[in-house]
2 protein chains.
Amino acid sequence: MNLESTILLTDLYELTMLQGYFHAGMNETAVFEFFVRKLPKNRNFLLVAGVEQALAFLESAHFEPEEIDWLATQGFRRESLEKLRDFRFQGDVHAMPEGTLCFPEEPILRITAPIPQAQLFESRIMNLLHFQTMIASKAARSVLVAPGKELVDFGLRRAHGAEAGLYAARAAFLAGFSATATVLAGKLFEIPLSGTMAHSFIQAHDSEEEAFLRFAEANPDRAVFLVDTYDTEEAVRKLVALTPRLEERGIRPLAVRLDSGDLGAHARRVRRILDDAGLRRVGIFASGNLTEERLQELVGTGAPIDGFGIGTSLDTSSDAPYLDCVYKLEEYAGRPRRKRSEGKATWPGRKQVFRRYDADGRIVSDLVALEGEDHPGEPLLVPVLRDGKRLSPPEPLRVARDRAARGLASLPSDLRGLSPAAAPYPVRFSTKLEALRSALDRS
Amino acid sequence: MNLESTILLTDLYELTMLQGYFHAGMNETAVFEFFVRKLPKNRNFLLVAGVEQALAFLESAHFEPEEIDWLATQGFRRESLEKLRDFRFQGDVHAMPEGTLCFPEEPILRITAPIPQAQLFESRIMNLLHFQTMIASKAARSVLVAPGKELVDFGLRRAHGAEAGLYAARAAFLAGFSATATVLAGKLFEIPLSGTMAHSFIQAHDSEEEAFLRFAEANPDRAVFLVDTYDTEEAVRKLVALTPRLEERGIRPLAVRLDSGDLGAHARRVRRILDDAGLRRVGIFASGNLTEERLQELVGTGAPIDGFGIGTSLDTSSDAPYLDCVYKLEEYAGRPRRKRSEGKATWPGRKQVFRRYDADGRIVSDLVALEGEDHPGEPLLVPVLRDGKRLSPPEPLRVARDRAARGLASLPSDLRGLSPAAAPYPVRFSTKLEALRSALDRS
């Protein structure tokens, strides 16, 4: 199956609504905006990611003849299905560039298109933007608490399926991670790869020395040794004893990996063993159920650890495995629209976000306004697709990564911590937007 | 990209270890077992799912020439890469059938193959088994607290990517859900589809009546109406007034959907309005941030709701977004192996699980023993692949679903609740297995 371009990766109601729009001849321009309603409790900001995949989907999404035949078996009308044969997205898209900091109620992506098109892509657009934005925002927390450390995504095995593993690697790299262990993500997104060996490799050999030697001979440029299979410090002493034989073969041990027990205490003991043996350049890499809280603790207590492998907590965003995000109709046929459901009311109209910075380059406040309003600050939404075509080629991932780094550097100190800030970042609404909302409520 | 069969969907260390095995000429038989170390705190049992996808992957996984060329750019040796050209899984697999109840420390799937093969598939096998088992186990909780209710998976938009959305639909159906909203999952897995309309459809029309009428005309067999866009009870009164016109057109309103506010209170008021109008056969369907706890409360207080749409909490398993699962080497070259890392020690050897039932068909206790031991009870692991080939054709999903239903019916009452049981289900270990573990610890 081709998950990148099949429109059947959608909710049934998108298709029944489509049939409704076709039946009623409704084809006027609709404006939908994707945004996050509120932050999870442990987040002070979000980092936009997944826009590139959303755009690629909009550009390529179509129905295969075989899919249309199948829909016919599901009770869809022949005249609706005929319209799907050359159904393509031909609308406009505005979006915050990947790596942009964002906050609740701010449109991250806006689609302007005939309503059948703007409606139909809802499910997959949300699925793509939600996941990567969630992971980039999660990864940024580790990046903030462990500056200068090598951070590697280790999460494929417990990511929620293949795409989650791949896009988690991408979003984490965008947020500032150094590398991923997921080979296909390295290939697809040009992310540096990192990896060592598993316990099974050690266990399959009769001794740790033998396992270390054979691994290093076969992978001379990746000589990182897992040392916790039986006894961590003992394994490091074996490595020290083995080092002259490795060096004879031109192999330089790069690092050891700790994966269990008290990582800080082991790291200190291991560092001493290595240093006493003159192996100061051999690094210490740690993994094993790590979270950003644990990273902060290890870094804060000065544990001599050079890099961290973070898996499950990163790839599942385990403390906040979803964002309260939505894709809402804000305008149809030139008229602003507003949903008033209890607790779920929305801001109507096409919107823009203006961000202000202080003299030191820190972000100060955002203003959500109607498109066309003029306000000081940086407008965050930019046009990216017009009439279904990209306005510029796909942005290299490293450009988005640099933008994210600048964004993280612009965070005021109270938003940089792992705990909720005393006061949320100020997101205000323009007078015109407030007035429009009130006017719709009275109508 | 073809995510179903590319071995590059793996961790780098699987490939560096492979190179190590090749280099050392290690090709003897290895036995790896996949199991869950412990249950998340809100789970009293797990339901096995994802075995079918794991087997399909093992059968089809291979390296494309273009992938091998790419690996050459990543520093892999030419002689290793040559061996990958016709690399195929040719080993044996034993597994618990999908829909089987399972508990910690019990092998769910066992791979017996030359060590390079058994090692290489680790990452994706875990990725596939972990996710669906987690989701089936999550879905079973809703099935248990809402017997007789229609339960529909609504989670695609906040599932972690495409595959998560598709496999969540499959795992939830396997666990007893009635349907999914995800169209492609319906097509791929023959799951009934269910869906209504979004708020945007209502908002795009000038009035709710008009939206209801047009939707029903276009979808006469799917006349379910979303009633909470503005005022829930008012919308239901509009639908009542509209019903004669619908019936003139041969359309029978099937249900209304509530999506916000106090669902129980709205359901009672809506039920009364519908009943007073003689529309007793029009059902009430509810959605909106539902969890199994909320379902239990609504069902327990007798809210007149016939079905529930459950999205985010289901597809992300939000209260427990991962399982502590592993894939461990238990035997190599005929010798049992045991990992002794702190807090992560494993049970060695090839294992079988025997399950005992009481006279009423309730499960009583499980015994984990070494393969070949003879014990009373049902042996849960069965051979499924031999020499890389299936022993029987893929099992229809409905067969696994029936097995899950029988499994859930066999749960003793203290394991059926949403809260942790006072005592966990008893999983014991045979004397021979205990003796083997002790012997390895002394060696």
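The points below comment on a predicted model, with its pocket, its ring contacts and its strand pairing taken in turn.

1. Basis of the note. Residues are numbered from 1 along each chain as its sequence is written, and chains are lettered from A and ligands numbered from 1 in the order in which they are written. Because the model is predicted, local features need pLDDT of at least 70 and side-chain atom pairs count only at pLDDT 80 or more, while totals for chains, interfaces and linings use all residues; side-chain values use heavy atoms, with hydrogens and water left out.

2. The second largest pocket. This pocket holds about 810 Å³ of space. A pocket here is an open set of points, on a 1 Å grid over the protein atoms alone, where a 1.4 Å probe fits, with protein on both sides within 12 Å along at least five of seven lines, and lining residues have an atom within 4 Å of a point. Grid points are joined across faces, edges and corners, and the volume is the space filled by probe spheres set on the points. The lining has 43 residues, and those nearest the centre of the pocket are Arg158(B), Gly288(B), Asn289(B), Gly311(B) and Thr312(B).

3. Helices (H or I, at least four residues) and strands (E, at least two) are DSSP runs, numbered from the N terminus. S12(A) gives the most, with 5 residues. By class, the lining divides into 14 nonpolar, 16 polar and 13 charged residues, where Ala, Val, Leu, Ile, Met, Phe, Trp, Tyr, Cys and Pro count as nonpolar, Asp, Glu, Lys and Arg as charged, and the others, Gly among them, as polar.

4. Aromatic pairs. Over all chains the structure holds 24 aromatic pairs, that is, rings of Phe, Tyr and Trp (its six-membered ring) whose centres lie within 6.5 Å, with planes under 30 degrees apart counted as stacked, over 60 as edge-to-face and the rest as tilted. One of them is the stacked pair of Trp347(A) and Phe429(A), at 4.0 Å centre to centre and 5 degrees between the planes. This pair links distant parts of the chain, since Trp347(A) is in the loop between strand S13 (335-336) and strand S14 (351-357) of chain A and Phe429(A) is in strand S19 (residues 427-429) of chain A, 82 residues apart. Trp347(A) counts as buried at 8% relative accessibility, the term meaning under 20% relative accessible area, with exposed over 50% and partly exposed in between (1.4 Å probe, protein chains only).

5. Phe212(B) lies in helix H10 (residues 208-218) of chain B and Phe225(B) in strand S8 (residues 224-226) of chain B, so the pair ties together parts that are 13 residues apart in sequence. Phe212(B) is buried, with a relative accessible area of 0%, and Phe225(B) also counts as buried, at 0% relative accessibility.

6. Charges over rings. The charged end of Arg222(A) sits over the ring of Phe76(B), 5.2 Å from its centre, and Arg401(A) lies over the face of Phe173(A), at 4.2 Å from the ring centre. The criterion is that NZ of Lys or CZ of Arg is within 6 Å of the ring centre and within 35 degrees of the ring normal.

7. The open sheet of chain B. Its 7 strands have the order S13-S12-S1-S5-S3-S17-S18, with antiparallel pairing; two strands pair if DSSP finds at least two bridges between them. Strand S13 (335-336) and strand S18 (389-390) of chain B stand at the edges, each with a single partner strand, so one side of each is left without a neighbour in the sheet. S1(B) and S12(B) run antiparallel and are joined by 8 bridges, and Phe35(B) stands opposite Val326(B) in S12(B).

8. Strand S15 of chain A. Of the 8 residues of strand S15 (residues 363-370) of chain A, 6 are buried. S14(A) and S15(A) run antiparallel, joined by 7 bridges, and form a hairpin with 5 residues between them, in whose turn Gly361(A) has a positive phi of about 85 degrees. S15(A) is also joined to S19(A), in the parallel sense, by 3 bridges. Leu367(A) is the bridge partner of Phe354(A) and also of Arg428(A) in S19(A).
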